[in-house]
Amino acid sequence: GKPRMVAMFYTSCQYMCPLIVEVLKRTQNAIGDGGHAKLPVLMVSFDAAHDTSEKLKQVLGQRKLDATTWTLAHTDAASVRQLAAVLDIQYRALPGGDFNHTSVLILLDGQGRIVARSEKMDGLDADFVAAAKKMLAQPAN
C-alpha cells in the first residue's frame, strides 16, 4: 500500500550488490532532500538457500541501513523466480554460489505498479529521482 524502491541482491556478493545498496542509499537521500519522507526500500535475496533472516539482519547492521525504512527479505526459490519475472530482473545461479543478475532499481507506486527503473550504478539517476519526487508529490490513491 505504500510506494517504495525495490532491488534484488544476495548477501555473499562482493561486487555489484554492495554497489546497489550504496546507490539505493544515495537515491533515498536525494529523494528525501525534496522535503519528502525517506522512501522505503525493499531488497529481496536471490539466494533462497543461504540468505536467512539472521544473515539479512546481520547485513542490515553491517551496511548501516535504517531498519525503519529498509527491509531485507528472503523467500523460497520459486517465489524469487516469480518476483524476478514480474520485475523483469534476469538472474541465474553460477557454480560456487554466486549469481549473475541484472542490477536495477525499481520504483513502485502504492498499488505495486512499476513507475520507474534505473540500471545506472555509477551515480544518481536524475530521471529516477525526479520520477520518485513526482510520485510522492501526488495525493495517494
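Biologist: What angle and axis distance describe the packing of helix 1 and helix 4?

Modeller: Helix 1 (residues 16-32) packs against helix 4 (residues 126-137) at about 45 degrees, with the axes 9 Å apart. This is a predicted model, where local features need pLDDT of at least 70, side-chain atom pairs count only at pLDDT 80 or more, and totals for chains, interfaces and linings use all residues. Residues are numbered from 1 along each chain as its sequence is written, and side-chain values use heavy atoms, leaving out hydrogens and water.

Biologist: Why are helix 1 and helix 4 called oblique to each other?

Modeller: Angles under 35 degrees count as roughly parallel, over 145 as roughly antiparallel, 65 to 115 as roughly perpendicular and the rest as oblique. The angle here is about 45 degrees, so helix 1 and helix 4 are oblique.

Biologist: Which residues of helix 1 and helix 4 meet?

Modeller: Thr-27, Ala-30 and Ile-31 in helix 1 meet Phe-128, Val-129, Ala-132, Lys-133 and Leu-136 in helix 4; contact means heavy atoms within 4.5 Å.

Biologist: Nice! What makes Lys-64 count as exposed?

Modeller: Buried means under 20% relative accessible area, exposed over 50%, and partly exposed in between (1.4 Å probe, protein chains only). Lys-64 has 71% relative accessibility, so Lys-64 counts as exposed. Lys-64 sits in the loop between helix 2 and strand 3, and has a positive phi of about 55 degrees although it is not a glycine.

Biologist: And why is Asp-88 called partly exposed?

Modeller: Its relative accessible area is 47%, so Asp-88 is partly exposed. Asp-88 lies in the loop between helix 3 and strand 4 (91-93).

Definitions and conventions. Axes fitted to C-alpha atoms, helices over the stretch in contact; angles between N-to-C directions. Helix = DSSP H or I, 4+ residues; strand = E, 2+ residues; numbered from the N terminus.
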